[in-house]
Protein chains: 2
Amino acid sequence: MSQSRKPGIDYGILTELIGYALRRAQVHMYQDFFRATAAFDIRPAQFAVLTVIERNPGLKQSEVAAALGIKRTNFVGLLDALESRGLAERRAARDRRSYALYLTAEGEALMRKLRPVLKAHEEHLLAGLGDEGRRQLIALLRRVTGEAEPDGGAPRSRLRLVKDARPPRAGSAGT
Amino acid sequence: MSQSRKPGIDYGILTELIGYALRRAQVHMYQDFFRATAAFDIRPAQFAVLTVIERNPGLKQSEVAAALGIKRTNFVGLLDALESRGLAERRAARDRRSYALYLTAEGEALMRKLRPVLKAHEEHLLAGLGDEGRRQLIALLRRVTGEAEPDGGAPRSRLRLVKDARPPRAGSAGT
DNA sequence: GCGAAATCGTTACGTTCAATAACAATTTGC
DNA sequence: GCAAATTGTTATTGAACGTAACGATTTCGC
């Protein structure tokens with residue numbers, strides 16, 4: 001678990017592979033997520049589900065699952081847990097094959113408490129990067145997954161580097 | 001699996017959380033890893049183990065496991081697989097409780113073939129970032145896990161940003 | 001309309017990954 | 001020399017993720 005790089009070990013090409021650095025960083029943040037949310041007993045996937053339901057009330061299960069890249073078969077148990085904890089609920093939909101998903105009042109209250117906790121957890125863990133470092137990191141990560149920048153981008157210098165700066169590539173983060 | 005962001009869905013705070021972007025990027029690279037190495041039937045953890053053994057021949061199991069943040073109980077099966085494929089071997093060590101680990105000739109040959117494949121896989125997937133973008137990304141990721149820069153750093157501008165650049169923080173990547 | 005095909009949620013199942021507990025063999029410390 | 005620690009191992013558990021199949025319902029082609 002604690003996979004800090006051990007001194008005296010030669011990691012060879014692993015030091016150059018971004019995939020490896022990515023995995024390590026992800027494990028690191030994952031662990032700190034649990035540390036930060038220990039009082040709430042919530043997992044990252046559960047938080048993501050609650051967020052999507054909260055912001056898009058009335059979606060059906062398969063839509064929420066698809067939005068998060070979760071197989072709908074695996075989503076069943078995930079939602080069962082949230083529903084039995086009284087955080088989300090399945091309501092009857094027009095299409096009687098499906099359910100429309102909503103947060104309960106309790107679910108919304110939890111999210112109001114959880115959001116600042118998670119923001120603080122990230123600030124805590126990423127303090128060393130600085131504001132611009134954080135912006136850079138998230139922009140780079142989005143490029144890795146081939147996403148465009150979310151609209152909300154202020155027109156401030158967004159990914160300009162001191163040297164080797166590249167014009168935005170066709171088909172990716174455009175204007 | 002294919003967790004591209006769906007249009008028409010409001011992801012709320014998830015768009016701001018680096019942990020979420022990190023997980024998505026990691027899944028993305030993980031999948032491309034398998035695509036790139038399909039002909040070799042090797043998994044990321046196996047590659048990491050082979051790398052550490054190759055660069056540090058003679059280490060004992062617990063040392064390799066610790067270097068990669070793997071529990072030694074889980075390392076047993078991992079190494080069993082590599083050994084039964086003839087890629088690595090356990091040799092008797094002075095301390096008769098332990099084994100000294102080495103690559104076989106076949107293991108070394110595989111690594112010679114695998115390294116360029118993985119470099120190409122990363123270049124392919126990260127082409128959109130540019131050289132400086134890749135350097136930046138790996139530097140930022142290392143900071144997330146609280147590591148110092150590996151020595152090999154050329155004195156070229158290493159993490160300077162156009163604005164909001166911060167002096168290197170005490171205890172992290174100092175010059 | 002009506003029957004075939006698709007969609008939706010669900011169950012059952014298998015695989016992989018990571019964690020804990022316990023144990024035998026061996027080495028180390030006092 | 002004997003208690004304590006280390007090393008590799010097994011057994012077992014739980015979580016995460018995938019596939020196959022099914023019943024209920026809706027949609028599509030005609």
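A residue counts as buried under 20% relative accessible area, exposed over 50%, and partly exposed in between, using a 1.4 Å probe and protein chains only. Before you click, note that this is a predicted model in which local features need pLDDT of at least 70 and side-chain atom pairs count only at pLDDT 80 or more, while totals for chains, interfaces and linings use all residues. Residues are numbered from 1 along each chain as its sequence is written, chains are lettered from A and ligands numbered from 1 in the order in which they are written, and side-chain values use heavy atoms, with hydrogens and water left out.

**Stop 1: a loop in each chain**

Select B:D41. It is exposed, with a relative accessible area of 58%. You'll find B:D41 in the loop between helix 1 (18–37) and helix 2 (44–55) of chain B. Helices here are DSSP runs of H or I with at least four residues, strands are runs of E with at least two, and both are numbered from the N terminus. Check the backbone too: phi of B:D41 is near 50 degrees, a positive value in a residue other than glycine.

Now pick A:D41, in the loop between helix 1 (18–37) and helix 2 (44–55) of chain A. Phi of A:D41 is near 50 degrees, again positive without being glycine. Is A:D41 buried or exposed? It is exposed, at 58% relative accessible area.

**Stop 2: an aspartate in helix 1**

Select A:D32, which lies in helix 1 of chain A. This one is buried, with a relative accessible area of 8%. Show side chains and you'll see a polar contact of 2.6 Å between those of A:D32 and A:R35. (A polar contact is a pair of N or O atoms within 3.5 Å; within protein, one must be able to donate a hydrogen and the other to accept it, and residues adjacent in sequence count only if both atoms are side-chain atoms.) Leaving out residues up to four places away in sequence, A:D32 touches A:H121, A:H124 and A:L125, where contact means heavy atoms within 4.5 Å.

**Stop 3: where the chains meet**

Color the two chains separately. The contact takes 70 residues from chain A and 68 residues from chain B. Together the chains bury about 6,700 Å², 66% of it on carbon and sulfur atoms. Highlight B:I13, B:I18 and B:V144: they supply 9% of the area that chain B buries against chain A, more than any other three residues. Buried area is the accessible area (1.4 Å probe) that two parts lose on being put together, summed over both.

**Stop 4: the hairpins**

In chain A, select residues 88–92 and 99–103, which are strand 1 and strand 2. They run antiparallel and are joined by 5 bridges; two strands pair if DSSP finds at least two bridges between them. A hairpin links these strands of chain A through 6 residues, and A:E89 stands opposite A:Y102.

Over in chain B, strand 1 (residues 88–92) and strand 2 (residues 99–103) also pair in the antiparallel sense over 5 bridges. There B:R90 has B:L101 as its bridge partner.

**Stop 5: DNA strand C**

Select everything around DNA strand C: 20 residues, with A:Q61, A:S62, A:R90, A:R97 and B:R43 the closest. Near means that one of a residue's heavy atoms lies within 4 Å of the strand. A polar side-chain atom of A:S62 is 2.7 Å from a phosphate oxygen, and an N or O atom in the side chain of A:K60 is 3.3 Å from one.

By class, the surface near DNA strand C has 11 charged, 6 polar and 3 nonpolar residues. (Asp, Glu, Lys and Arg count as charged; Ala, Val, Leu, Ile, Met, Phe, Trp, Tyr, Cys and Pro as nonpolar; the others, Gly among them, as polar.)

**Stop 6: DNA strand D**

Finally, go to DNA strand D, where A:R43, B:Q61, B:S62, B:R90 and B:R97 come nearest of the 20 residues around it. The side chain of B:R90 puts an N or O atom 2.6 Å from a phosphate oxygen, and a polar side-chain atom of B:Q61 sits 2.9 Å from a phosphate oxygen. B:R97 reaches a base oxygen of DNA strand D at 2.6 Å through a side-chain N or O atom. Helix 4 of chain B supplies the largest share of this surface, 3 residues.
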